[in-house]
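Welcome! Have a look at the sequence and the model, then work through them in order.

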Amino acid sequence: MTKMTDRPARRARRLLPRRCDPYMAALAGTVGLASLFPASGGSARIAEAACDLAVALLFFLYGARLSTRETLAGLRHLRLHGLVLVATFVLFPLLGLATALLTPVPLTAQLQTGVLFLCLVPSTVQSSVALTGAAGGDVPAAICAGTYSSLAGLLVTPLLAAWLLGSHTELSADGLLRIGLQLLAPFLLGQVLRPWIGGLLTRHKQVLTPVDRGSILLVVYTAFSAAVAQGIWHLATPGALLGLLAVLLALLAVTLAATGLGARLLGLDRPARVAAVLCGSQKSLAGGLPMAAVLFGPQAGLMVLPLMLYHQLQLVVGTVLAGRWSRAREPDPAPESESAPVATPAPAPGAAPVTATAGLTADGAPPAPG
């Protein structure tokens, strides 16, 4: 029975980063490539057009893969989902606004905007589910919580960005129409076509993974190419990057503590608390980068840097926490005296029986000589 229950945790651990996540290495390499060989002129326009198509394809695939039935079935975890949504779209934005006032080391204006944008991005699904499974949490609840957050983010993130970021975004009537055409319309089309193509996409999931990640890498290359032309590395000094790292660590620590406390106050059981903490503190790189490309346009380069760094931090810290929580679930090994009975010689004829624990007779006296 123990082996059966441990299988989901073992499968989830395989998804977690061990030494070096190849995808994060590819992201870093893409930033380096854009820094050395940025797209400019006609090639920049081609890259932007390809980026727009990649974002639309990405959200179409999201919609085609999302099971509507499973999403509706997860509504029974209302307290957990409510906590995750509040943490993602209320607590995080408030903390993002507070960083501008409370940060001891001032960040550049673009990095500060990037931190606030990070706080508006929805939660992720894949890493939340993997970490929740490894920690022995409620995996179905984590899947639904991440899914609801992603769906809400399609509407909430652009609206919050328009309200809190104001002039930094390209949102207007035309901008909202662009978001609808690039994000919502492909997603809804994927949902409509899911009955016909959902099974095919599920069966060929491994083949489509490079499409997903390639789209994200194209977004990163396009954004950082434009940022290099604006002198990104003159703005992102080593001191500013260290200050950003400190802000992101503080942000992650506060959200982990707040979601843990909220889960206890709501009376969630242990598996649900694990799911709430890990889902409520995560941010989606795959969802946030395309949104940044639509919202900020050529200004997106430096503004997505906080999201990229936070994503790596949440994986490292989440993996450590999942390992600790997983070990806490394992039963302590039985003491040696209980797990293996001590072999004792058979008593001599006429002698009192010897107990196996203390070498005494049944009445507590030493055994009689043979």
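**Exercise 1.** Which residues form a nonpolar patch on the surface, and how much accessible area do they have together?

*Solution.* Before starting, note that this is a predicted model, where local features need pLDDT of at least 70 and side-chain atom pairs count only at pLDDT 80 or more, while totals for chains, interfaces and linings use all residues. Residues are numbered from 1 along each chain as its sequence is written, and side-chain values use heavy atoms, with hydrogens and water left out.

Step 1: the patch consists of V86, V90, L94 and L97. Patches take residues with over 30% relative accessible area and no salt bridge, joining nonpolar side chains (Val, Leu, Ile, Met, Phe, Trp, Tyr) within 5 Å and like charges within 9 Å.

Step 2: together these residues have about 340 Å² of accessible area, by the Shrake-Rupley method with a 1.4 Å probe, where for residues only the protein chains shown count as cover.

Step 3: take V86, which lies in helix α5. Its relative accessibility is 46%, so V86 counts as partly exposed; buried means under 20% relative accessible area, exposed over 50%, and partly exposed in between (1.4 Å probe, protein chains only).

**Exercise 2.** Find H81 in helix α5 and decide: is H81 buried or exposed?

*Solution.* Step 1: helix α5 spans residues 78-102, and H81 is within that range. Helices are DSSP runs (H or I, at least four residues), strands are E runs of at least two, and both are numbered from the N terminus.

Step 1: H81 has 5% relative accessibility and therefore counts as buried.

Step 2: look across to A142, which is 61 residues from H81 along the chain, with 8.8 Å between their C-alpha atoms.

**Exercise 3.** Describe the salt bridge in this structure.

*Solution.* Step 1: the structure holds one salt bridge, meaning a side-chain nitrogen of Lys or Arg within 4 Å of a carboxyl oxygen of Asp or Glu.

Step 1: the partners are D212 and R65, whose closest N and O atoms are 2.6 Å apart.

Step 2: D212 belongs to helix α10 (residues 205-229) and R65 to helix α3 (residues 42-65), so the pair ties together parts that are 147 residues apart in sequence.

Step 3: D212 is buried, at a relative accessible area of 14%, whereas R65 is partly exposed, at 28%.

**Exercise 4.** Which residues have the most contacts inside the largest nonpolar core?

*Solution.* Step 1: that core has 67 residues, and F117, F224, L289 and M308 have the most contacts inside it. A nonpolar core is a set of buried Ala, Val, Leu, Ile, Met, Phe, Trp, Tyr and Cys residues joined through side-chain atoms within 4.5 Å.

Step 1: helix α14 (residues 285-296) gives the most to this core, with eight residues.

Step 2: leaving aside residues up to four places away in sequence, M308 touches M24, L27, V31, V220, F224, L285 and L289; a contact means heavy atoms within 4.5 Å.

**Exercise 5.** Where in the protein chain is confidence lowest, and where is it highest?

*Solution.* Step 1: pLDDT is the predictor's confidence in each residue, from 0 to 100. The protein chain averages 78, and 78% of the residues score at least 70.

Step 1: the lowest mean, 42, belongs to helix α17 (residues 336-339), and the highest, 94, to helix α13 (residues 270-280).

Step 2: over residues 332-370 the pLDDT is below 50, and this stretch has 22 contacts in the model beyond near neighbours in sequence.
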